[in-house]
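Subject: Structure handover

Hello,

Here is the structure for your files. My notes on it come after.

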Amino acid sequence: MRPLTPLLLLIVFLCVVVQTSKAIHEDEQGLRDWILRFVGHVDHASYQPRLEPNYMYAASNLGAVAALSLSDGSLQWRRLFSEPQVCVTAGRHGVLVSSRTGTIYLLNAAAGDIETTFKLSLPAGATVESCAIVEGSVRVAAMDKATAYLFQFWPATEDEVLMPSGSFSIGEDVHGLRISGNHIWALRPAGANRYSLTGDVEVADVEGDVYGGAVAVSGDAAVLSATKMTVVRNSGEAETVACDGCEAGLLLGATGTFEGTVKTTTDKLGFTVTFPGSSVRIAYNFTPGHPPTVLLAIRDEEHGAQAILRTANGHLLAVSEKLGKLLWERTEGLAYLAATIIADNPIHEDHFSFNKVALAVSTYGVVYVIPVGEMGHNIRVLADISSVLVANTAARSMKSVRIEQLVLSGENVLSVIAASSVRRMSLALDVITGAVKELKVYENSLVVSPAFAITRSLELHGSVPSKDMYLFTSNVTSGLIEGYVVSATSKVLPLWTVRMPYPLVAYATGEDVLRTTTVNQLRVFPNKTSKTDEVRRKYPTRNVIVVAHYEPSEKELTTLVLTAIDSVTGSVLATVRHRNVEGPVHMVVVENAVLYYYMDMVKLRHCLGVWEMFEEEFGQVLRKDAGATIPQIIASFFRFKRTFSSRATRPPTVTVAVLGVYGGNLATMGVTTSFNGIAGKSIVLAFDSGRIATVELSKLLAGGQMPLDDNGKQLTHVFIPSTALASHKYRVAKPRLITTTPTNLESSCHVLVSGLDIFYVRTSSGKAFDLLNSDFNKNLLITLTCGFGVLTCAARYLVRRRALNLLWK
């Protein structure tokens with residue numbers, strides 16, 4: 001029995017370890033990734049009774065038109081347009097959408113494919129305001145300063161350009177039109193008038209406007225004011241209902257007929273939806289105030305009455321009168337993230353740091369918790385801080401609040417720094433409970449962080465984390481950059497001032513330690529004038545600022561000027577100019593390099609500029625084939641590896657290269673990192689097309705491009721193979737932010753891309769030296785390990801038995 005004890009211990013050990021070892025596997029691009037698709041802030045919704053399939057159709061202010069299932073809210077299809085669609089309406093011929101400029105698309109109701117395109121011949125200054133399909137005919141209302149224009153046509157028309165069928169005067173105070181069956185509502189600041197299709201006034205001076213109500217194809221309308229709701233029937237009869245601080249919509253039956261109104265009111269713990277026959281109370285975690293907007297309300301025999309609502313945080317909800325509860329919810333606020341950060345999971349943390357959570361705050365002021373390891377599931381709202389942000393920044397609404405920073409300021413503590421044109425504030429939240437732990441408001445502030453704040457009179461509030469802390473501020477509009485130092489005596493001293501002649505269009509810093517840390521301080525740089533490569537020492541970029549501005553020119557297009565500044569001394573380290581450049585500029589600082597993406601208008605191609613910054617060496621440059629002398633070997637043990645620039649540093653030697661890129665317009669850039677800086681870093685490129693590519697930094701530096709021939713000539717363009725596409729088979733709509741953080745595996749890195757969609761992948765930041773291949777036989781490894789253990793125990797038993805027999809002899 002004793003020989004079996006080690007075997008049992010081995011089996012128990014393997015059972016515990018093997019479960020953990022399953023987390024070590026191949027690079028996960030295309031294997032461990034997920035995407036969440038959203039519609040955005042829905043402004044318009046439509047539903048056609050008895051139209052198969054049974055979908056509702058929505059249009060958002062981001063140019064998205066989508067079909068949603070009424071039963072569970074799932075996204076059935078989505079089509080993106082270059083400009084927002086001001087109206088969406090469904091009919092038996094399909095789904096019709098129109099932009100303000102008069103481009104109309106007829107979409108297939110089942111798949112969203114464009115079947116027909118129409119173009120309206122709008123008068124100068126006129127824009128489209130509303131559209132509807134009435135009795136199979138398409139009606140579109142447009143207006144200029146004082147005239148309304150009506151377009152009528154059949155979906156099967158072969159005319160490519162459509163002319164107005166009529167026009168009439170509406171006055172100069174009208175700010176919108178709405179089509180309601182055979183009527184047109186003109187919206188004014190204090191009331192609304194209903195016109196016939198020929199321009200006759202049918203109903204005048206209804207208190208309120210239809211922006212706070214609804215219209216229907218049946219000809220009925222609900223007009224809201226601050227205290228009441230006026231229901232105007234198709235016949236012209238009006239009924240006034242008390243509605244103090246509520247939102248309302250029209251309830252339509254299975255045949256599209258008017259069956260009453262649906263109202264929403266809010267309280268501290270949720271909101272109430274009032275149907276014609278009953279009310280449904282919904283407990284909801286959001287800041288009370290503005291009640292949910294009724295986008296759509298329909299009734300059918302199978303499901304009863306349903307109301308599709310949009311809350312103040314941008315979410316879409318479906319409430320059922322028959323079931324008396326919330327049917328489904330779409331967290332559309334995630335399409336408007338202002339800042340994201342990836343943090344440790346406070347509830348469940350694994351050994352390899354795979355099971356992290358993404359903390360995000362939206363422009364609506366809602367903080368979300370996104371478990372990145374759960375394939376996009378179990379996303380929850382941590383807190384709705386919109387009312388706190390608006391009240392403490394003295395802003396009129398969240399549209400006037402700017403989220404400046406989202407940082408982890410302690411264990412399970414998330415700090416949100418926000419600002420308005422009046423003041424700044426910092427808010428500390430508990431990551432687990434969402435409770436507000438600390439709130440600070442700063443007047444006339446210059447710099448605000450979770451630990452300290454500096455006023456414009458150079459007064460310090462709080463304490464700095466280091467003895468002497470260098471910081472800078474930049475004004476994008478004026479191009480002014482100012483440097484300061486906070487000394488150990490808690491004094492804030494101005495150090496330097498640099499003013500660019502024109503507004504800044506982009507900037508980047510090396511303050512991220514993970515981006516600028518490198519293990520190897522030496523770089524073998526190819527020498528084109530000699531066959532022997534040079535050995536250069538990398539310039540530390542921890543305290544380097546790079547700014548870009550456009551300089552106008554009379555004889556050609558604007559010139560892009562990039563300037564590198566030392567944030568300690570304010571000295572200009574280098575300046576590079578690119579002629580005939582227009583469009584947005586994106587840049588990052590990583591290790592000793594500066595990379596920036598721009599558009600060359602002469603060559604009509606996108607370019608990637610690459611700076612490499614090296615220290616100015618004393619004496620001759622060291623060659624690769626030159627052997628190190630004994631004094632050099634001894635000095636290398638005592639040489640101090642500086643991590644930031646200083647006054648004692650000479651200006652760096654800068655080499656500039658320009659590579660062509662065929663990826664198209666770039667939305668944003670990022671960098672994969674690792675904790676120890678051993679793995680090679682990769683540049684994350686998010687294109688407007690939705691492709692997310694990761695290109696190794698070493699392949700962008702001099703000598704790293706793909707060779708073209710045996711003579712050493714190299715490719716002058718960035719080559720992005722299909723294996724470098726981190727998005728794999730996905731397309732991320734309208735990407736805006738890239739957030740990266742390393743795992744405990746040196747070569748693996750979390751990448752989160754957010755925009756209209758949210759995309760996540762664990763990608764390899766360089767060579768995957770600590771990951772197993774995809775064809776690695778794990779079962780054979782386990783079998784061999786267990787087999788060797790059994791053989792070891794058996795051999796031990798036989799040897800001991802033989803030794804015992806020898807002693808008996």
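The notes below cover the salt bridges, the nonpolar cores and one annotated segment.

This is a predicted model, in which local features need pLDDT of at least 70 and side-chain atom pairs count only at pLDDT 80 or more, while totals for chains, interfaces and linings use all residues. Residues are numbered from 1 along each chain as its sequence is written, and side-chain values use heavy atoms, with hydrogens and water left out.

The structure holds 22 salt bridges (a side-chain nitrogen of Lys or Arg within 4 Å of a carboxyl oxygen of Asp or Glu). In one of them, Arg330 pairs with Glu332 at 2.7 Å, N to O. Arg330 counts as buried at 11% relative accessibility, and Glu332 counts as buried at 0% (buried is under 20% relative accessible area, exposed over 50%, partly exposed in between; 1.4 Å probe, protein chains only). Glu443 bridges to Arg423, with the closest N and O atoms 2.6 Å apart. Glu443 is in strand E38 (residues 436-443) and Arg423 in strand E37 (residues 423-430), so this pair ties together parts 20 residues apart in sequence (strands are DSSP runs of at least two residues, numbered from the N terminus). Glu443 is partly exposed, at 46%. A salt-bridge network links Arg37, Arg78 and Asp757.

The largest nonpolar core has 37 residues, of which Met56 and Ile758 touch the most other members (a core is a set of buried Ala, Val, Leu, Ile, Met, Phe, Trp, Tyr and Cys residues joined through side-chain atoms within 4.5 Å). Apart from it lies another core of 25 residues, including Val369 and Met425.

Regards

Key
Helix = DSSP H or I, 4+ residues; strand = E, 2+ residues; numbered from the N terminus.
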